[in-house]
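Hi there,

Here is the structure I promised to pass on to you. My notes on what turned up in it follow below.

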Amino acid sequence: MSKNQNQYNWLKILTGSYVLTMLIACASVQSPTGGPKDVQPPKVISEEPKNLTRNFKSKTIELGFDELVKLTNTATEISISPALDVLPTFKIRKNFLDITFEDTLEKNTTYTINFGKAVGDVNENNILKNYTYVFSTGDKIDSLSISGKVTSALTQESLQDVTVFLLPVRQDTLFGKKRASIFTSTDSSGNYSIKNLREDTYRVYALKEQTGGNRIYNGTNEEIGFVTEPVKLTKDTANVNIQVFKEVPERLAFTERKIEGDGRITLILNKPAQDPGVKITDPVALDARKVTEFTANRDSALMWIPEMTFDSLQVALTDTGRNMDTVMLRRNKRDTYTRNIFITENTTGGRLKPGTDLMLTTSTPVTSFDAQQFSLLQDSVAVNGIQVTRVNGSTRKFSVKYPWRSERNYELNISEGAFTDLYGTKSKASVKTFTLDDPENYGNLTVQVKAPDTTTSILVQLLNNQDEILRTDSVPPSGRIQYISFPVGKYMLRFVYDINKNGKWDTGSVREKRQPEKVFNYQKTLALRPNWDIEEPVTIPPAQ
């Protein structure tokens, strides 16, 4: 083979290798991973005619955005004030929104189009909130404003995404019936501002809706707030602050009823009752055989009936002897129920609080029990002297008494058949293991309250770090309140100005134009340490 031929062959090999390498490289190219997730709402970059145009004569408005946009829930989110008999049409063209008026506009009138939460970007649905387009068919644009802050009446926290809306006093009868057209929503600090308002007298409301709300107050499942007196707007007005609250329904009623899988009947009320009762009105014969148990705050009840053979059951609710509501429960004749007696105890993480008895709670009412079927081991050694008794007035709670000792491991053995419930079901054998918690894991807290005056009745509520109320007390004349042997942890204090002296915090009423009772949330967090006594002096300011 010639020298030239060899060079040619090597050139072919090198060229082929290069091409193959390039093909492999191209085949392995990865798609770009992209940058950070887009969390910014679309921006308005053009308005034709310009926002705040006077002597508006156009039939169309074109809004341009910096990215592709879409409209959502236009019928509920977009509003026009003053209202038009025929709504304009809204049409998206990529990153443009065209608005075409079908109705004749009034002369010398300022119009505000509030888009609410209707405009969002296509990719991530980031919402452009509170964007308004304002124009006037005359030579003047209404320019007054109302601003303020929205907070929770109970916690005093600033609230975000609460709808604040205005109703001219002459239209206040529309409250709760029709969406307000003058509105905005609060920012992350709870602040709001509504601009381009005309001189008028307004009712001011704040509404914290559930997800998917429609800017209409739908009742006591939502939080509402209002300014007590109408605001006569003749100049820019600031510090129109609103506290929202959940109303207590005026009429006590059932909100839910259910027959559970074990035959238990659950009845939920719409508010706590004063002295509730339930009565089976049909079939009447079952009423004398039922067992009923209300929760501690009297806002729900459990009911058991020995024989679940009825087709329908009519149950009446009473409070202080007065009939309040009636519901019907129905069951299928083929329905069956699985019945077992479950036993729970009052330990936390397998530890029993010092100075307390072991409390057992059964899942169903017990008609009889055998105290001889209980035995106790202390550090694996059988001991005598335990006492098992039924708690007075309860069909499901039982006390186990013993001189419990620290640093000992206990095992309570409950033999099969120890409990028999109203269905005739006998409990299965079970074992409860626990230790007596160390007293050093608890502390004492004393609060010394200085009230603003001697005539104001004040309640003090102790809360844990989940904002759950652990105890409520009336501040005594001495002002000294003690919390003995509370678990270590963080606690907060809330003080209620109990104006009507009924021993509880009373919420407000929109219909009665009554604000909720004032509260004072003590800003200091109280850290209770092991085997420690804390004394905290608190000066309560006058109600604001």
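First, a word on terms: helices (H or I, at least four residues) and strands (E, at least two) are DSSP runs, numbered from the N terminus, and two strands pair if DSSP finds at least two bridges between them. Please keep in mind that this is a predicted model, where local features need pLDDT of at least 70 and side-chain atom pairs count only at pLDDT 80 or more, while totals for chains, interfaces and linings use all residues. Residues are numbered from 1 along each chain as its sequence is written, and side-chain values use heavy atoms, with hydrogens and water left out.

Let me start with a sheet. Three strands form an open sheet in the order E4-E7-E9, with antiparallel pairing. Its edge strands, each pairing on one side only, are E4 (79-81) and E9 (132-136). E4 is joined by three bridges to E7 (residues 110-114), and Ser79 stands opposite Asn114 in E7.

Thr110 sits in strand E7. Is Thr110 buried or exposed? Thr110 is buried (under 20% relative accessible area; exposed would be over 50%, partly exposed in between, with a 1.4 Å probe and protein chains only), at a relative accessible area of 6%. Leaving aside neighbours within four places in sequence, its contacts (heavy atoms within 4.5 Å) include Ser81, Pro82, Val134, Phe135 and Arg198.

Now the pockets. A pocket is an open set of points on a 1 Å grid over the protein atoms alone, where a 1.4 Å probe fits, with protein on both sides within 12 Å along at least five of seven lines; lining residues have an atom within 4 Å of a point. A volume is the space filled by probe spheres set on the points.

The second largest pocket has a volume of about 1,000 Å³. Of its 40 lining residues, Ser79, Ile80, Ser81, Ser181 and Ile182 lie nearest its centre. E4 and E7 are among the elements that each supply at least two residues of this lining, and E13 gives the most, with five residues.

The largest pocket has a volume of about 1,500 Å³. It is lined by 41 residues, with Val248, Pro272, Lys504, Trp505 and Thr507 nearest its centre. Strand E17 (242-246) is one of the strands that each supply at least two lining residues there, and E17 gives the most, with three.

Best wishes
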